[in-house]
Amino acid sequence: MGSYLVEPVDRLPFGGPDKARRYATERYRGAVGLDWYSCDPTLRFLLRHHLGERGLAWAEPRLRELGALMGGPIAERAEETDRNPPRLEKYDRWGRDVSRVVTPPSFEEARRDLVATSLTRPEFAAEAREAGVDPAPLAVTWSYLLDQADIGMACALGTGGDMVVGLTEMFAPDDVRERVRGLFAAGYFSGEAAQMLTERSGGSDLGALESTATPDGDAWRLNGFKWFASNAGGSAFVVLAKPEGAPDGVRGVAPFLVLRERRDGSRNGVRIRRLKDKLGTRSVASGEVEFTDAEAFLLAPSGTGGGGDGRGLARMMEMTNAARLGIAMMGLGCARRSLVESLCYTRAREAFGGPLYDKPLMRRRLAEMIVETEAVQAMVFDGYLGRPRLRVGAPLIKLRAARLGVTAASAAVEIHGGNGYVEQWPVARILRDAQVNPIWEGGDNILCLDVRRAIERHDAHEPFFDRVAAALANAPADAPADLVADRAGHLREAVGAWRKLDPETAEARLYPLAGYMADVYAAALLVEQAAWEREEHGTDRKALVARLYARAHLAERGPLRGIDGPAEDLERFTDLAEGALVDDRP
């Protein structure tokens, strides 16, 4: 029995026990309370392949502990922090500007537990290597599980940490480098970093920014105003600015390191004007940040006139691909959480004589969510763990994953009906949070432009086609390898035709080209996973997922639009659903 008070309406004669059972609301438990590692067969499948049986056996006790933490306290605190987000304490009692971000207890408790149990921290990586286990798949898993609970917290902990540390190690003075090492002793996901790029003059058009840096000994004085800076309460920032005298435009932009405190221990000239009142991701404090003669350090080799080599922005954007994979993981986390909530809800909700889970139209929708989520899961994990990394991989993966996070969350709201539109149910927050992923680290148009840049400057489509061919090399007979290979050939023709278009038309055609590339890439990876499953387990569920995905995205649908096609999504729905979620709660 639940914790609610029994009221007269609860004692009405509903017409029989079967009808009364529909009102036993304690049956609606959702994803919170599950061990998110153990309930996820797709994750266990990937880790078994990447770690091997021995490696997975070593990692599983830690993964179960982590799965219970993410599916319990972290998910619960995310709801509390969303209702009581960080606030700005602008002035102290003497009227002095302190620009202090005050976070609620729910946030601090979650951050403490996450940093302590992170599978990304250096000591854990060393422990794994000592046991002969590759720590990389485990670090990816930590992010995958956290992003199902709270992508805002993932942003607060991980925004730009690798960029701050990487650029500092290359270019900062020795004493500054030591201070940064101390800040990130617990790893990149410590909540200490932020990237400060966007200004009122433009977000993606970084060449138009107006923040300026002036030489001051071996440091610089930085002045400017950043319009949207996430994790504004951090301690170490990568800030884009133009060195005094640098040319206007992209080549004049350089990255600088700004710390919350100056070398002498005094407060640096970093002022937070206000925190943004955002649609979602309320657990990360995003604000407007002003720099007033802030002590800064150039994160680029010294060039003519001391303003760098003109490649500061390009060098930083190369590192941005890792950040784009992080946003893609957030999209996947939103999609996976939406799927789990939808499966849990439809199994409990009864209407029209039975559970929603058993209705053909609902099964069609759930099967589609399962297939699309596993396709994006394959892309994101390949982006992180595939070698060599594809130059076009990050923009393609983010393009597909970020959008799926929104559409899956929207579907989950619809599946929950009116309840889904109410903030006491989790899917409303997931939808609000997911909407930021297509914006962070570049919207769809920016990603398409990056695909163009990669193809035109680096012939990056060639390694892409090599990866597709490798994924199809050992395909089992029941996977759609021939169809995917055929479409890959057509895609190669499409790339060639696109390169001959006039510049304006070519730019307009970038979106369908990138979408075609993502379709072929995802389908090939699912075929590859089908081969792994056949070889390692002798089963064919991934081949089914690959067929359904290829049928939806690559097959010619014919004059009947596929209505006369096979109904494998219904005939084998149990295989799909039980392979996506194991909920053995009594």
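A residue is called buried when its relative accessible area is under 20%, exposed when over 50%, and partly exposed in between, using a 1.4 Å probe and protein chains only. F45 counts as buried because its relative accessibility is 8%. The structure is a predicted model, in which local features need pLDDT of at least 70, side-chain atom pairs count only at pLDDT 80 or more, and totals for chains, interfaces and linings use all residues. Residues are numbered from 1 along each chain as its sequence is written, and side-chain values use heavy atoms, with hydrogens and water left out.

- F45 belongs to helix α2; helices are DSSP runs of H or I with at least four residues, strands are runs of E with at least two, and both are numbered from the N terminus.
- Contact means heavy atoms within 4.5 Å. Not counting residues up to four places away in sequence, F45 touches Q529, W532, E533, H537 and K542.
- F45 and L339 are 294 residues apart along the chain, and their C-alpha atoms are separated by 18 Å.
- S143 is part of helix α5, which covers residues 136-149. With a relative accessibility of 12%, S143 counts as buried.
- When neighbours within four places in sequence are left aside, S143 is in contact with F189 and M329.

**Cysteines**

- A disulfide is defined as a pair of cysteine sulfur atoms within 2.5 Å, and by this rule the count is zero.
- The cysteine sulfur closest to that of C334 belongs to C155 and is 12 Å away, so the two are too far apart for a bond.
- C334 counts as buried, at 2% relative accessibility. C448 also counts as buried, at 4%.

**Aromatic pairs**

- Rings of Phe, Tyr and Trp (the six-membered ring for Trp) pair if their centres lie within 6.5 Å; planes under 30 degrees apart count as stacked, over 60 as edge-to-face, and the rest as tilted. By this rule there are 12 aromatic pairs.
- Y28 and Y345 have ring centres 5.5 Å apart and planes at 50 degrees, so this pair is tilted.
- Y28 lies in the loop between α1 (17-21) and α2 (41-83), whereas Y345 lies in helix α9 (residues 312-348); the pair therefore ties together parts that are 317 residues apart in sequence.
- Y345 is buried, with a relative accessible area of 6%.
- F464 and Y521 make an edge-to-face pair, at 5.8 Å centre to centre and with 65 degrees between the planes.
- Because F464 lies in helix α14 (residues 461-472) and Y521 in helix α17 (residues 510-537), their pair ties together parts that are 57 residues apart in sequence.
- F464 counts as buried at 1% relative accessibility, and Y521 is buried with a relative accessible area of 2%.
- One aromatic cluster is formed by Y28, Y345 and W425.

**Charges over rings**

- A charge sits over a ring if NZ of Lys or CZ of Arg is within 6 Å of the ring centre and within 35 degrees of the ring normal.
- R62 lies over the face of W58, at 3.9 Å from the ring centre.
- K276 lies over the face of W227, at 3.5 Å from the ring centre.

- Helix α12 spans residues 426-434 and is mostly covered, with eight of its nine residues buried. Among these buried residues are R429 and D433.
- On a 1 Å grid over the protein atoms alone, a cavity is a set of points where a 1.4 Å probe fits but cannot get out, and a pocket is an open set with protein on both sides within 12 Å along at least five of seven lines; lining residues have an atom within 4 Å of a point.
- Grid points are joined across faces, edges and corners, and a volume is the space filled by probe spheres set on the points.
- The structure holds four cavities of 30 Å³ or more, and the largest cavity contains about 40 Å³ of space.
- The lining of the largest cavity consists of A78, T81, D82, D150, T281, R282, S283, R429 and D433.
- The largest share of this lining, three residues, comes from α2; α2 and α12 each supply at least two residues.

**Second largest pocket**

- The second largest pocket has a volume of about 630 Å³.
- Its lining has 22 residues, of which L548, R551, A552, G562 and D569 lie nearest the centre of the pocket.
- Two or more lining residues come from each of α10 (360-385), α18 (541-553) and α19 (568-571). The largest share, five residues, comes from α10.
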